[in-house]
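I opened this notebook to record what I looked up in the structure. The entries are brief.

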Amino acid sequence: CDSFLDQPVLGQYEAGQFFTSDTNAILAVNAAYVPLSFRDAGSNTIWVLGDVASDDAVKGSNPGDQADFENIDIFNITPINAAVEAQWRRDYDGIFKCNVVLDGLPESNTNISATVRQQARGQALFLRAYYYFELTNLYGNIPLRVKVETPEELQSPAVPQAQIYAQIEADCQAAADALPATWTGTDVGRATKGAALALLTKAYLFQKKWAPAAQTAQAVGALGYKLQPVFADNFRAATDNNQEIIFSVQHTTGLSPNQGSGLNQWFAPRPQNGYGFFLPTQSLVDNFERTSDGVVDPRLDYTLGRAGQSFFGVAFDPGWTSTGYVSKKHLQPLTEIPATIKGDGNLNYQALRYADVLLMQAEALNESGNGAGALMALNQVRKRARESYLYDTSLPNAGTVPDGLLPDITTTDQSQLRELIRRERRSELALEFHRYFDIIRYGEAYARQALADRPNFNYARNQFYPIPQSERDTNRNLGL
Amino acid sequence: APASHQDPANRRISVQVSNQALKTALHLIGQQAGVKFVYSPRLIDPQQRVTLRAHEQPLPDVLQQLLAPLHLDFEILQKQVVISKATATGAVPPPTLEARNAHPVPVETTITGRVTQANGEGLPGVTVVVKGTTNGTTSDADGNFTLSLPDASGTLVVSAIGFITQEVSLQGRTQVSVVLQTDVKSLDDVVVIGYTTQRKADLTGAVSQVNQADINGLPVTGPAQILQGKAAGVAITQATGAPGENIAVRIRGVGTINDNDPLYIIDGVPTKTGINQISPNDIESINILKDASSAAIYGARASNGVVIVTTKRGKAGKPRLTASAYAGVQTASNLINMANTSQYVAAYNVAAQNDGREQIPADVAATLPDVNWLKEVLKPARQYNGQLDVSGGTENSQYIVSGSYLKQDGLIENSSFDRYNLRTAVNTTLSRFVKIGTNANLSYSKTRQVGTSGDGFGDGNPGASIVRFALFRTPGTPVRNDQGQFVDLPRTPDGALATAFLGDGINPVALADAADRNFNRYNLLGNAYLEITPVESLRIRSDYGVTFLITDYKQFFKTFGVDRSFNSPAQLAQSNTKEFNYNWTNTAVYELPVGKSTFNFLLGTEAIKNNVTAISASRRGYVDQSPTFQYLDNGTGVQQNGGGEAHSALFSGFARLSYDYDSRYLASFNFRRDGSSQFIPGRRAESFYSGSVGWNLAQERFLRDVSALSLLKLRASVGQLGNSSIGNYPYASLVGGNFYYPFGGVSTQGLSVVSKGNPNLRWETSTQSDVGLDIGLLQGALQLTLDYFVKNTSNVLLFLPQPSSAGNGGNPAVNAGKIRNQGFELELSYRNTIGNDWSYNLSGNLATLKNEVRDLGGTPPSVGGRIDNNYFATLTDVGRPIGSFYLLQADGIFQTAEEVFTHAYQGPGIQPGDVKFKDISGPNGVPDGVIDGNDRTFVGSPIPKLTYGLTGNLRYKSLDLSAFFQGVQGNKLYNQVNTDIEGFYRAFNLTERAATNYWTGPGSTNEFPRLSWVGASNNKQPSTRFLEDGSYLRLKNIQLGYTFGDKLLSPLKVASVRLYVSAQNLLTFTKYTGLDPEQGTNSNSLGDGVRATGIDFGTYPSARTFTVGINAGF
């Protein structure tokens, strides 16, 4: 009767028997990318936590719609907030999938070829660092999980942020050693050596480790990344994976199952079958520099839609928005993605691009007292921005850079330069979900000023989001 | 001729009894000869001692040998043997009654009469006695009797086993006719227990029985609904009122956080799902094995109780045709009073003013329509049913063929349930030793689903409840526009979008209109058996049963919406799941009488195999959305497919020993050993033991003479049961999943760990103890069954709730929990007749239940029932019932600013008029002056403390009236949809009471907060504000019938016709403010199962149904 009772597992691998081929190793690491995706933009809430919370954007849409996102906006934030909960789960799910790969691919696993093992490990290490970086900047002290843990091991305390950063640094360094500089063909979009180094730069910078941050940023530049001549190419489907892009979250329309961007629908105005979320603020608009002739930083109109300007070829209707502005960096023209498939956009999310690295380098050098070095990096970014007028023929009077537009910065006064780099960073990276983290790391004084119109904001309380209630309920050793 | 063997008169019997009760001897003879004895225990003492030895003698010889010395006569009528006193007039009373009847009666008047069954057939062997005397007789083969009396003034007591005793006052009449009603609760009823049957009187376990008569005329669509309110300790909850909706059957509470569904055995075929494919009309009886000793013979699958369904069989005799049909209309009742347009506008403007938003301008408000959305989506719907049976046969072979059709349309468009059933069952006696038979139920059903519960969260459910959208939609938004299209987004008269004022929810009528979700189920459930009787007391039976179920799912996602495109691009999804299960069961039963003792042995083996294969496919892009193009071939866009297979197997051996000493002392012991493929080798098998004892006190010498007491039996049982519903491979961590990521623009698959296994897993085991008492009083007119049970489930498989930082790798199962259910059950029936024309009976049942989690093995308490923003309504923790509500406690409304200031901090921006919450605790376990997650407490359980049912039948001549009440008491419901329609935080409609009774200043109200969307994030926090008492009492069915008599019908060759009208769910008494207090797990929380019952997201309500029906026999 024992043979009658032998019913093997069908259609799935038993975990211990999975990491037996190169193909399976790659399948496992593929899964670790999925939590990055914005195909379900309502549960990948980094846009809420990173920008709606900041002075750059408000929630938008109808009042009351996604009330919890509104609660982030007004700093009425509890551990049961949907956005707080969603991002936590998502990032830790990514970490889990990375740990599955790393546990299954020790050096001793000789079923897998050395190259595939190294590359798969490298990607998993990078992704784990990426998820942890988001997590520790969102939530501060958090549990550290570096393997697939048993139920007992999962009951574990939050560890100090420094320990999380130590892991991020170690993972980024190991990933940088393991990963190739580029991928081709159907591997485009995988983590590269540059991605690992760029993330490492960011980890150093956020910890105010200025010298290693500057050094690592330098190493990223040495890999050959260049700024794209036209700023807006970073936010166009046709030029998605360009020379400036270090790491981006990939989206492709028309696939099955859905692998397009949902942000395209969440952020588009309602008459275009969008939901009308994520509206830029006047404060953000005011951050963009203008010449004395009133010519505005061209990045403004690449970043958002406003009255009097074409909105992807159609007239902008101020009725679309309560702030007067609509975000553009995650949207596509209706000619590319028609209203009927609005939620299946084709645009990647640029997680790490070279302009960001240059600005980090500028900041790190300035903070280490090398103002001259800082200016070189900073002015590359400004130059590209103003030279949009040389390369983007759609701009009025294209071909000549308007007088006085985004001139090179010359001051090496550390304090002045700090403010200029911060302003540059805000304009350059606007609405790319980074602003709130910058505000917080710049310190209390900066944050209080930036969020002066949010009476509920309290730096000590809101420096980090609360660890979600679901974690508090299920992890008894969390220590909260 | 071989046939002669089968005529009971020629049947040969071997019997050996020595100084045992006559009743016992007759029972043994009856079993062998396949006959039933009919006699009056008042005229013939069934306890008198007899001795008999017969070997292979014809039945008449044996009876002659047995009965002649007792001065008793007998007559063999097909399968009935009527025993009467040797002198038909009763002039010579039997010896044991002599002492009580000292005075001979002078003979003067002759009374003649006829006793018939309800269908008009003459009833032979009925005892007719003059009340207060022993003067009596029995009816002949046609039911006629003659009696000589001093005068025609007495009262006749007319009784027969299996029928309700009737008293007929003569009042000078010399000719009477009496109609006896079948007594479904008769003590000689046979109860179907595991693999065999047993007389109810000999039962030592706790078994509830529901018979065909209990369900006559109820417009129920599935067998499980029959049980509602009919059996103590069996709680039936339909998830919602939608046609074809899931029904939760809970026997003696929930013993586990996992699968709590009972095991169904339909004519010997075990099934978990096949029950829904049977027509209620085909059911003869349902026996519910509640305690361990009854159910333990089913071992590893029995811990949630066992429901044994026996379908109708043909009986020897002329072909009989019966037909029944009903037709009815369903309507929605107890609708929630929602705000009308002017109330909505007023409430909106108050909130807008409070929050500093733009108000709805008066000129806009003046143009708005006033729509009652609940009435727009809940429309009257029809329901009808027809059934035809033909049955009959000879002594050797019997057959039944039946067919039925049921149609139930839903209150909501595009929801319905249709079922076609065809059944045939044949039994044949091939020779003296061999019997064979088959039974086949074929059915096809079609369920059309719309969203019925839940808010659409989670996969694999029909989507958010239509009713929910109807509650949300503001009354100022019209259903259709001037062009007749469904309005999508509301607009002001000048054509501008008015979503800020009137909301942007989905038009529920359009949503229902677009719903096209179909489940076609093709089912075969049947068996074939071979029964060999090599010697008289040994019966060997081999049963092969199959269930074959094809579920064909097809859903078309139509693109709709005027302003927005829902379901864009249009998509077609189809799947086909084939489930083929078989069981091969072999049993041997041996009966061994030794002196006054009888031993009964059962030995058996059972092999069960379950196989499931499934394929699925979908395609997008339908240029033509009309039904004639809704095929996979016609899609133009992306296509997808899937498929898989799963198998499991169970192999078991079992044994039972039953012991009966003189019908006084009874005992039974069960053993079963189950091996399952669901565990890793070495941990596959487990043994289950149980035992029970019974003591028939009424049979004892000291009680035998207490004539009022017809039954007094004490029972006790204890035993172990298993639960194997734990998934196919819980021991293994599995890598799978369909994760996709577009590297280089190409869809690329990923795999990861999707479930975490535990190689040490074992069965869940429950240990159940039961003590019971059966009492029969007033010649059985009053019957009472009491049971008290304790059911301890241990090794409960807990899916260890992982911290949310564990990733989505699934929760591993561990054998960690202990859950206790204890309860008291009472079943009561009483029947009586008043004069010739009136009779009535009452039957009721009630059960208490206390459910408690005793231990979670150190695992953290598990949350369940997501209700809002990742907030869960329930917590399953030690010392509490499973799935207890765990919420903040609302404590009225802040009346003053000072009160806000002095109260615990609830967050920024709290104002007078906002809801106040109790500061219960803090991070250190003491109140900390801050309201947060630490202040949640256990505030009640969705499990009723008391469930009950009450049925009353009243008959006057040919008129009958019955009423059936059913209710639950002591449970809570979380009215989640009220957080949306009373929480008022966006442009959703709100209830009339919330729109008009809101807080306006100190002292105005302590119930409804001020109207403010900003304040709502505090005020609508999940709390006891939305927790309500879920108790209800429902008049489930009331029915009035008329049976046409013989005279009218005989020219039509119709034996009987009953016409009736009935109303289902006519009245509901409840304090619950939602649409329907009767609801189970909503579609959001299916994964949480019993940890998330009683959460109302705006449920599809039960219909009130009015029907007219007819039952006819030919």
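Conventions. I worked from a predicted model, in which local features need pLDDT of at least 70, side-chain atom pairs count only at pLDDT 80 or more, and totals for chains, interfaces and linings use all residues. Residues are numbered from 1 along each chain as its sequence is written, and chains are lettered from A and ligands numbered from 1 in the order in which they are written.

Chain B. I looked up the overall form: the C-alpha trace of chain B spans about 100 × 70 × 65 Å along its principal axes. I noted 19 helices and 54 strands in chain B, taken as DSSP runs (helices H or I, at least four residues; strands E, at least two) numbered from the N terminus.

Contact between the chains. I found 72 residues from chain B and 76 residues from chain A in the contact; two residues are in contact if their C-beta atoms, placed from the backbone, lie within 7 Å. Among the elements of chain B that give two or more residues to this side are strand S31 (639-661) and helix H18 (1013-1019).

Strand pairing. Strand S1 (residues 13-14) of chain A pairs with S35(B) in the antiparallel sense over two bridges, where pairing requires that DSSP finds at least two bridges. Glu14(A) stands opposite Leu734(B) in S35(B).

A residue of chain A. I listed the contacts of Leu199(A), not counting residues up to four places away in sequence: Phe126(A), Ala129(A), Tyr130(A), Phe133(A), Cys172(A) and Leu352(A).
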